[in-house]
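Biologist: I am new to this structure, so please take me through it slowly, and say for each term what it rests on.

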Amino acid sequence: MSILWGQLRPGQDRAMASGGCDRRNDARKASVGSACKTIYEVFLGLAVVGAVYWGGCKPASPVKAPAPDVPPPGTQFRLVVVGDPELASAIEVLRGEWNAQSGWDFSVKTLDESAEPKTLEAIWTLADAAVLPVGWLPSVATGDPEAPPLAEVPANLREAEGGPWGRIFGTLRVRELTWGNRAVAVPFGSPVFVLYCREDWLEKLGEKPPQTWDAYQRLVQRLAAARQQAETNLSAGGAASDWVPALEPLAAGWAGRLLLARTAAYVAHREHFSTFFDIETMEALVDRPPFVRALQELCAAVRGAESTVLTLDPDGVRKAFWEGRCALAITWPTASAEIQLQETPPEVVFAELPGSRDVFDPRKAQWQKRRADEPIQVPLLGVSGRLGVVSQSTRWPAAVFQLLFWLSADRSWEVSSKSRTTTLYRDDHLQDPLRWVEPLLSPQAALQYAELTRETLDKTVAIVAVPLPGHNEYLSILDDAVRRAVKGELSAEAALREAAEGWNELTERSGRDRQRQAYWQSLGLE
């Protein structure tokens, strides 16, 4: 396949179709507190923009760029990969092929994700483009006043018929790759949590994967009771003392993300933008009833297994599931998993994370029932994943985007599938889903996961995990609160009250107006 999906242009066409831009401009002018403006209307507005991104535009007429705007042969682009050495190694392997096809070259440098502020300062002194954790987009999109802004994805790459943009799952295009009203990023895969279910245990109990967190908790209780009555050599595997009904990732760095995923359906109210923060005041809302309820349910679900779950990240949860140590597991598949079994692996049924028929109205401070036409399950984006961005100050932004799309689209099988932080993210990935999951999965289960991921990442209603500069700092504060509650050191209410205080202090230090603007931009409001 050719690496060039459209001719380079002398100037970058920033038009995103007048309908989408007008909708965003209208939203920017609207009062956030207006009762007539609902959160679902905003998502519909984003869907209008999405219609452009999802293949609604006609391909632009090719315009041959004058020679000065095309990099000369041998030009080397500088690429930085943050916090993902496996991804960086996979990219490095393809240098020769890129050079043979394009006549250009690139270098790859890796940076440590743990030193986020220092790394952010260093990126644009070292690179024309960067592959970053998804949660870093607000920081690089807003940045310091002197930092180069992000270049926009060229219109000809977005609009080209059969090009790289149109096959990306729709929610990613609108919610993760767009900042304000500009498409600024290229995907390398962004997993959402999914529920692994052992098919044999579901059949034994006559159950189906739970759709709500209430149903999930009832299933956990039924599994625990059935296990107590069973002999130790049942198909669950492992010694009885090693087995628990469900495992969830609560290791340092994951507990906060898990709580937000459990809370997403509780806070996605049709009439309000305020989910994790009050959109007008930026007051933290993580000590409110939806979060308290979610944390209490989480503590109940893992009761008796605290010492185990507090050590497990998504990789550890996945491994424990395959070793027969639980019947339900919250994680996601990856082809990079290294799991060896001496027996036939169990059959797996995948399900979207449970949701809720109840939703909390933050203005009225009361629970309400969802309407029949509203989704029960609401995915949390930004749990993990990587995306590529280009500096506006680079000499050849369009050509550098060509490189990112070549890695992300043409060579995604060789690149993104090597990383445990990513997953499939394009329609064409459904052609061979086995290349994106651990080898223990059957072809049927792999296809089910692929179709579930596409369905989840094509939803018009989704919530992004803390889309603010300082993303990791906010999550670290919440992480500590969740883990203390699970350990029994604090009640859910007390732990989250401390987390809210920490979030408010961080927002104040970061600049409340700056954080408010970023929050609005993440929703496409300005």
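**Strands, helices and buried loops**

Modeller: Strand β7 (residues 194–198) and strand β10 run antiparallel and are joined by five bridges. Keep in mind that this is a predicted model, in which local features need pLDDT of at least 70 and side-chain atom pairs count only at pLDDT 80 or more, while totals for chains, interfaces and linings use all residues. Residues are numbered from 1 along each chain as its sequence is written, and side-chain values use heavy atoms, with hydrogens and water left out.

Biologist: What makes β7 and β10 a pair, and how many bridges join them?

Modeller: Strands pair if DSSP finds at least two bridges between them, and here the number is five, so β7 and β10 count as paired.

Biologist: Why is β10 called largely enclosed?

Modeller: Strand β10 covers residues 348–352, and because five of its five residues are buried (under 20% relative accessible area, with a 1.4 Å probe and protein chains only; exposed is over 50% and partly exposed in between), the strand is largely enclosed by the rest of the structure. Both of its faces are covered, with V348, F350 and E352 buried on one side, and V349 and A351 buried on the other.

Biologist: How do you know that helix α14 is largely enclosed, and what covers its buried residues?

Modeller: Helix α14 spans residues 314–322, and seven of its nine residues are buried, so α14 is largely enclosed by the rest of the structure. The buried residues are P314, G316, V317, R318, A320, F321 and W322. What covers them includes the strands β7 and β10, together with β8 (244–247) and β9 (326–331).

Biologist: What is found at the start of α14, and what comes just after this helix?

Modeller: At the start of α14, a side-chain oxygen of D313 comes to within 3.1 Å of the backbone nitrogen of D315. Just after the helix, G324 has a positive phi of about 80 degrees.

Biologist: Turning to the loops, why is D84 called buried?

Modeller: D84 belongs to the loop between β1 (76–82) and α3 (85–93), and its relative accessibility is 3%, so D84 counts as buried.

Biologist: What makes the approach of D84 to S419 a polar contact?

Modeller: A polar contact is a pair of N or O atoms within 3.5 Å, one able to donate a hydrogen and the other to accept it within protein, and residues adjacent in sequence count only if both atoms are side-chain atoms. The side chains of D84 and S419 make such a contact at 2.6 Å. Leaving aside neighbours within four places in sequence, D84 is in contact (heavy atoms within 4.5 Å) with R386, S419 and T421.

Biologist: Is D278 buried or exposed, and how do you know?

Modeller: D278 has a relative accessible area of 11%, so this residue is buried; it is found in the loop between α11 and α12 (289–301). The side chain of D278 reaches the backbone nitrogen of T281 at 3.0 Å. Apart from neighbours within four places in sequence, D278 is in contact with E283, L285 and R363.

Biologist: Why is R512 called partly exposed?

Modeller: R512, which is found in helix α20, has a relative accessible area of 21%, so R512 is partly exposed. Setting aside neighbours within four places in sequence, R512 is in contact with T281, M282, E283, N504 and T507.

Methods. Helices (H or I, at least four residues) and strands (E, at least two) are DSSP runs, numbered from the N terminus.
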